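Let's take a walk through this model together, starting at a ligand and ending among aromatic rings.

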Amino acid sequence: MGQITLSGVTKRFGETEVIPPLDLNIEDGEFVVFVGPSGCGKSTLLRLIAGLEDTTAGHISIDGKDATGLPPAKRGLAMVFQSYALYPHMTVRKNIAFPLRMAGMAKDEQDRRVEAAAKVLNLTSYLDRRPGQLSGGQRQRVAIGRAIVREPAAFLFDEPLSNLDAALRVGMRLEISELHERLKTTMIYVTHDQVEAMTMADKIVVLNAGRIEQVGSPLELYRTPRNLFVAGFIGSPRMNLISGPEAARFDAHTIGIRPEHIGVHPTLGDWRGVVGVSEHLGSDTFFHVHETGLAESLTVRAGGEVPIRHGDTVFLTPDASKIHRFDQNGLRL
Amino acid sequence: MSTQASRSAARLMLSPAVLILLVWMIVPLVLTLWFSFQRYNLLTPDRSGFIGFANYAEFVTSPAFWLAILNTLLLVLGVLVITVVGGILIALLIDQPLWGQGIVRILVISPFFIMPPVAALIWKNMFFNPSNGLFAEAAKAIGMRPFDFLGQAPLASIILIVAWQWLPFATLILLTALQSLDSERLEAAEMDGANAWNRFRFIMVPHLARAITVVVLIQTIFLLGILVEILVTTNGGPGNQSTTLTYLVYQEAILSSDVGAAAAGGVVAVILANIVAVFLMRAIGNNLDS
Ligand SMILES: Nc1ncnc2c1ncn2[C@@H]1O[C@H](COP(=O)(O)OP(=O)(O)OP(=O)(O)O)[C@@H](O)[C@H]1O
Ligand SMILES: [Mg+2]
């Protein structure tokens, strides 16, 4: 079980309000990702749930029971820190067994659980090493192992992959998703990497300056962003935002169109522009088109091998059904 | 830094320092060894010459010798225990965000700035004095008989004085070590269900191990040579109750003017120091390499 409800949760550090009153419901077994720009309060929110920070106001309940005043250890949650926070003087085995030892579990039961976790995480041959003798990815796995042996009601991850290189990050991303499939335990995952958010989440919570901008499945956020912030934040490369007369033509203050929803043609189309930098990724090509008179530059996605070069004049045609319209307050129309 | 050229350059540049240190240490040591086998008393300068191990025999069989060794070890051990335990406790305390933290920290460090003889005299006259010291006054105030610290418990009193002097050093080293502990590690332990005592025992103490080792090793070096605190308070007495090996050497050299016996005592002290050093390095030296 791991159903978590936040109601009116507020956090102030002295005078500065980092989290204004916030409501959120996390269902049992969900994989929830908190995304948002740096400093928006993702870690703070996670630490409030963990009990490492006191709430200034509001209530947190876990599985229907009020947990607002409970110390971290009593909440039944496990956390994986960005720095891994392993115990350097203990072997991997002792690191993973530490929470069990603190709970006073019998030695053989401890061993059984540690072995099982090590097997799941491919750590069996490293059990007698110390954290200092492991690679970044292995340390990450030890940190996860220390979390799973407790069989917590929910896992909390604070940017667990940000210290890993790109290839390892992709691998660990898959491993964590797989772990979630297997354990079916609630997971709350903080990241500012939106690829992680899109690929792993059942539900994404987009935060901005401590406020929730939108909550929804990855595709919901992609298809129907509720406001300009979410529209600009979700999707890679970013959505093109156009305001002025062209937006007025669509009865909106601002319109947004994603790079993948614009067609390119050398001679025919709605918008004329000059190609600037193009980024060839093999499977895709991203063109930055200037001098359209609509915005500084528009990003357009085309297929892998399009014969268009720097300085060419091109014509762009947006897919009318994929245009997002926003009013002057930035809300979706 | 390990090409052929850089290694020989390093050796070349180090050599003056190494040479000076060698001369500095070897010459006194050899002279001490030389004197320890000579009849050399300042009161009878005409009777001199090689006398074999007689100086050693005299020093080792002197009635105070075994007591002095015991006292030396007790002094070192007592001060180490008090400073390490007290240092950890004070470091934990002043690491907390308290009001007036800055002033408290300066106060904690201040004993270190007081010269040893001054500190010892202050303790002797202001605190320990059985007729008008502060402790005596306090005892009288609550209706107890004043305790004659330096007379009844001379070694313990000296341990107290020396521990007071070295507490700031231990506290300072342990405090910096404590502050280098990653707070996420403590939070992780808290999430893992470790209470305050277990966090201290399983996370903080292992983290402090290296700092504790440094404190123990450095203090041991200095504590083996403690002299002036004894000199200005008890003069090794009453009887020989607070005589240490260093004080015994001092007695031979200055009070009896017997340079030969003092040199023999010095050699014995060096041997004892080395035994202690080997023992310490065996016990805790591996804390130093990570
Ligand atoms: N102990 C504290 N005292 C005062 N302000 C704090 C404290 N901890 C965090 N803050 C502030 O709260 C805000 C949110 O911080 P938080 O660490 O939650 O951001 P974040 O979303 O996790 O950012 P990042 O992606 O960079 O990790 C920041 O503006 C930060 O300066
Ligand atoms: Mg953060």
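Which residues are around ligand 1? Keeping in mind that this is a predicted model, you will find F13(A), V18(A), S38(A), G39(A), C40(A), G41(A), K42(A), S43(A), T44(A), E159(A) and H192(A) there. Helix α1 (residues 42-50) of chain A gives the most to this shell, with three residues.

Now look at the polar contacts. Oxygen atoms of ligand 1 lie 2.5 Å from a polar side-chain atom of S38(A) and 3.0 Å from a backbone N or O atom of G41(A). The side chain of T44(A) also takes part, with an N or O atom 2.5 Å from an oxygen atom of the ligand. Taken alone, ligand 1 exposes 640 Å², and the protein buries 57% of that.

Stepping back, UniProt lists residues 4-234 of chain A as "domain: ABC transporter", in an unreviewed entry. Over residues 4-234, chain A is 36% helix and 26% strand, with the end C-alpha atoms 25 Å apart.

Chain A also has charges sitting over rings. The charged end of R146(A) is over the ring of Y87(A), 4.5 Å from its centre, while that of R258(A) is over the ring of Y222(A), 4.3 Å from its centre.

In one of them, the rings of F37(B) and F50(B) have centres 6.2 Å apart and planes at 25°, so the pair is stacked. F37(B) lies in the loop between α1 (4-36) and β1 (38-39) of chain B, and F50(B) lies in strand β2 (residues 49-50), 13 residues apart. F50(B) counts as exposed because its relative accessibility is 64%. Elsewhere, W123(B), F127(B), F128(B), F135(B) and W164(B) form one aromatic cluster.

Methods. Residues are numbered from 1 along each chain as its sequence is written. Chains are lettered from A and ligands numbered from 1 in the order in which they are written. This is a predicted model: local features need pLDDT of at least 70, side-chain atom pairs count only at pLDDT 80 or more; totals for chains, interfaces and linings use all residues. Side-chain values use heavy atoms; hydrogens and water are left out. UniProt positions are given in the numbering used here, feature names are shortened, and annotations may be inferred rather than shown by experiment. Helices (H or I, at least four residues) and strands (E, at least two) are DSSP runs, numbered from the N terminus. Rings of Phe, Tyr and Trp (its six-membered ring) pair if their centres lie within 6.5 Å; planes under 30 degrees apart count as stacked, over 60 as edge-to-face and the rest as tilted. Buried means under 20% relative accessible area, exposed over 50%, partly exposed in between (1.4 Å probe, protein chains only). A charge sits over a ring if NZ of Lys or CZ of Arg is within 6 Å of the ring centre and within 35 degrees of the ring normal. A residue is near a molecule or strand if one of its heavy atoms lies within 4 Å of it. A polar contact is a pair of N or O atoms within 3.5 Å; within protein, one must be able to donate a hydrogen and the other to accept it, and residues adjacent in sequence count only if both atoms are side-chain atoms. Accessible areas come from the Shrake-Rupley method with a 1.4 Å probe; for residues, only the protein chains shown count as cover.
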